[in-house]
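Subject: A structure for you to look at

Hi,

Here is the structure I promised to hand over. Have a look at it first, and then read on for what I found.

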Amino acid sequence: MSKATPTMEDYIEVIYYLVKEKGYARSADIASKLNVYPSTVTKMLKKLDSEGYILYEKYRGIALTQKGKNMGDYALRRHNILEDFLRVIGVKEKNIYDEVEGIEHHLGRDSINKIQLLTEYLKENKYKI
Ligand code: CA
């Protein structure tokens with residue numbers, strides 16, 4: 001089974017987030033969150049289903065598998081760690097979300113853990129620019 005691409009990771013992250021916040025994820029909500037067409041979402045949902053991240057039935061909805069939940073949990077945590085880090089070092093709030101979306105897929109777990117430790121250290125020491 002192949003590794004999730006950055007696009008797949010973003011979908012899983014959004015599905016995980018929606019299920020966590022609302023209890024369910026609908027195609028229309030995924031499309032608006034990711035700023036893509038519903039037809040694009042449908043295509044990706046089929047792919048995520050075939051790769052074992054979700055169970056998808058057109059009129060029944062979307063459920064994350066354990067593998068999907070693990071990926072979603074990690075992707076969301078990774079996103080929040082990076083947002084936190086950029087915020088702590090003083091990056092402008094309006095740029096933070098998009099910049100995290102850009103870099104998050106290119107850092108491994110070890111780097112994410114180290115950035116988290118560094119962020120905690122900076123917070124504890126009341127780092128200010
Ligand atoms: Ca993302």
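Serine 111 sits in helix H6; helices (H or I, at least four residues) and strands (E, at least two) are DSSP runs, numbered from the N terminus. Because its relative accessibility is 32%, serine 111 counts as partly exposed. For that label, buried means under 20% relative accessible area, exposed means over 50%, and partly exposed is in between (1.4 Å probe, protein chains only). Aspartate 98 is 13 residues away from serine 111 along the chain, and their C-alpha atoms are separated by 19 Å.

A word on what you are looking at: this is a predicted model, where local features need pLDDT of at least 70 and side-chain atom pairs count only at pLDDT 80 or more, while totals for chains, interfaces and linings use all residues. Residues are numbered from 1 along each chain as its sequence is written, and side-chain values use heavy atoms, with hydrogens and water left out.

Now the whole protein. Its secondary structure comes to six helices and two strands, and along the sequence they follow the pattern α-α-α-β-β-α-α-α. The C-alpha trace spans about 50 × 30 × 25 Å along its principal axes. Of the 129 residues, 39% count as buried. Contact means heavy atoms within 4.5 Å. Among contacts with a separation of 6 or more, 57% are between residues 24 or more positions apart.

Glutamate 13, in helix H1 (residues 6–22), and glutamate 104, in the loop between helix H5 (93–103) and helix H6 (109–124), link distant parts of the chain, 91 residues apart. Both glutamate 13 and glutamate 104 are buried.

Glu13 and Glu101 also turn up in the largest pocket: together with Val14, Lys33 and Tyr97, they lie nearest its centre, out of 13 lining residues. To explain the term, on a 1 Å grid over the protein atoms alone, a pocket is an open set of points where a 1.4 Å probe fits, with protein on both sides within 12 Å along at least five of seven lines; lining residues have an atom within 4 Å of a point. The volume of this pocket is about 250 Å³, where a volume is the space filled by probe spheres set on the grid points, which are joined across faces, edges and corners. The second largest pocket has a volume of about 180 Å³. Its lining includes Lys3, Tyr53, Arg78 and His105, and H4 gives the most to that lining, with three residues.

Then there is the inside of the protein. The largest nonpolar core has 34 residues, and Ile15, Ile30, Leu45, Leu48, Tyr53, Ile54 and Ile62 have the most contacts inside it. Such a core is a set of buried Ala, Val, Leu, Ile, Met, Phe, Trp, Tyr and Cys residues joined through side-chain atoms within 4.5 Å. H4 supplies the largest share of this core, nine residues.

- Isoleucine 15 lies in helix H1 and counts as buried because its relative accessibility is 0%. Leaving aside neighbours within four places in sequence, isoleucine 15 is in contact with Ala25, Ile30, Leu45, Leu48, Ile54, Ile62 and Leu64.
- In H2, Asp29, Ile30 and Ala31 are buried, and the buried residues of H2 pack against H1, H3 and E2. After H2 comes asparagine 35, whose phi is positive, near 60°.
- Leucine 76 lies in helix H4 and, at 11% relative accessibility, counts as buried. Not counting residues up to four places away in sequence, leucine 76 touches Glu13, Tyr16, Tyr17 and Lys20.

Enjoy exploring, and write back with any questions!

Best wishes
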